[in-house]
Every structure is written in structure tokens, then in C-alpha cells.
Amino acid sequence: GIGEPPIVGIAPAVANAVRHATGVRLHQLPMTPERVLKALRFDPSEVLAEVGVDAHLFDDADNLIPDELVGRMLRHCSTRTGCGDFALRVGRHARLASLGLVGALAGSSPDVRAALRALSRFLSLNDGASIVSVSVEGAFGSLNYAIYEAGIEGTGEIYQMVSAAAC
């Protein structure tokens with residue numbers, strides 16, 4: 001889609017960084033928590049089950065995962081693996097397809113402005129605990145993300161993942 005080319009160009013560099021950190025080469029995108037755990041030589045089913053997550057949850061991008069569960073899962077995976085940048089690794093390999101129908105809508109937009117507006121308008125369908133907004137002034141634009149629901153565990157990890165995914 002229109003918003004994916006910059007992300008695709010980054011993938012080889014991040015895959016190399018993961019290889020240098022873990023000694024394992026990742027060849028498949030998107031890099032879900034399950035794939036990152038495998039690269040770090042952990043059993044994804046075991047680690048994710050410890051926070052009540054079935055590893056097959058990531059098999060379908062249309063599965064909606066609430067921020068509360070995402071934050072708890074990312075924090076646990078980071079702690080369990082000793083990998084402080086676990087959320088960044090997951091986010092760096094996010095694709096529009098990772099957002100299911102909302103990502104498909106953004107990816108089929110006629111231009112970047114329309115794609116960002118689609119994300120802003122419809123991402124709340126995937127996640128009711130945060131807000132996405134777009135600001136456009138002339139040739140410049142910004143995509144903003146904020147968690148507004150109080151008490152969500154792992155907000156730092158969520159912000160890391162989202163920040164990496166937006167790059």
C-alpha cells in the first residue's frame with residue numbers, strides 16, 4: 001500500500017540487528033511477538049500462555065487485541081526474555097496488513113494524506129483505549145497516538161511498538 005514502502009526498506013536492517021543480537025536470522029514479515037520470541041530462542045506458546053495469550057492470536061490480522069492485553073504481553077515478553085527492546089523489534093516490522101481491514105483501507109488510499117486520515121478515523125475500531133489523530137499543514141503532516149484509558153499496564157512498551165511501527 002501507499003504507506004508501506006518506507007517500512008519495507010527498513011526490514012533488512014532490523015533483521016540484521018536481530019541477527020546480531022540473537023544469532024538468528026528472521027526471514028518472514030510481519031515480525032509478530034511469536035516470531036521475535038522464536039528468534040530469541042524462547043517457546044512462544046509457553047511465554048505467551050504465561051499472560052493468557054494463545055500464540056495463534058497473531059495468525060489473523062483481523063483479530064482485535066485490546067491495548068490492555070498488548071501492553072501486558074509486551075512487558076512480560078520483554079522481562080521474560082531480558083530483551084529491553086522487545087516492543088521496538090515487534091513494531092519495526094509492523095505492516096499496514098497488521099491492522100487488518102483498517103490497514104487495507106489505508107493501504108488502498110489514493111495518497112498519504114488520505115491514508116493517514118483513514119488511520120485516524122478508523123483505528124479506534126481496532127483499539128478503543130487510544131486515539132490516533134492527524135495534523136496536516138501544507139506539505140507537512142504528523143500522526144499522533146495517545147493512550148487515554150487509565151491503568152493500562154505496559155504503556156511504555158505500547159508506545160515503543162507504535163513509534164517503531166510508524167517509522
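## Helix 8 and its buried side

Helix 8 buries E157, I158 and A164. Buried means under 20% relative accessible area, exposed over 50%, and partly exposed in between (1.4 Å probe, protein chains only). These residues sit on the same side of helix 8, because they cover an arc of only 135 degrees around the axis. The arc is that of the directions from the helix axis to the C-beta atoms. Helix 4 (67-81), helix 5 (86-92) and strand 2 are among the elements that cover the buried residues of helix 8. Contact here means heavy atoms within 4.5 Å.

Helix 8 spans residues 155-166, twelve residues in total. From its first C-alpha to its last it reaches 16 Å, close to the 16 Å expected at 1.5 Å a residue. The expected span is 1.5 Å times one less than the number of residues. Helices (H or I, at least four residues) and strands (E, at least two) are DSSP runs, numbered from the N terminus.

## Basis of the model

This is a predicted model, in which local features need pLDDT of at least 70, side-chain atom pairs count only at pLDDT 80 or more, and totals for chains, interfaces and linings use all residues. Residues are numbered from 1 along each chain as its sequence is written, and side-chain values use heavy atoms, with hydrogens and water left out.

## Salt bridges

The count comes to six salt bridges. The rule asks for a side-chain nitrogen of Lys or Arg within 4 Å of a carboxyl oxygen of Asp or Glu. One of them ties helix 8 to helix 4. R75 pairs with E157, with the closest N and O atoms 3.3 Å apart. R75 lies in helix 4 and E157 in helix 8, so the pair ties together parts that are 82 residues apart in sequence. R75 is partly exposed at 33% relative accessibility. E157 is buried, at 14%.

R80 forms a salt bridge with E46, and their closest N and O atoms are 2.7 Å apart. This pair also links distant parts of the chain: R80 is in helix 4, E46 in helix 3 (residues 44-49), 34 residues apart. Both are partly exposed, R80 at 28% and E46 at 42%. Salt bridges that share partners join E46, E50 and R80 into one network.

K38 bridges to E34, with the closest N and O atoms 4.0 Å apart. The two are four residues apart in helix 2 (residues 33-39), which means about one helical turn separates them. E34 is buried, at 15% relative accessibility.

## The hairpin

Strand 1 (residues 130-137) and strand 2 (residues 140-147) run antiparallel, joined by eight bridges. Two strands pair if DSSP finds at least two bridges between them. V134 has L143 as its bridge partner in strand 2. Two residues lie between the strands of this hairpin, and G138 takes a positive phi near 60 degrees. In a regular strand, side chains alternate between the two faces of the sheet.

## Cysteines

The whole structure holds zero disulfides. A disulfide is a pair of cysteine sulfur atoms within 2.5 Å. The closest cysteine sulfur to that of C77 is in C83, 9.9 Å away and therefore too far for a bond. C83 is likewise in no disulfide, and its nearest cysteine sulfur is that of C77. Burial is clear for each: C77 is buried at 0% relative accessibility, and C83 is buried at 7%.
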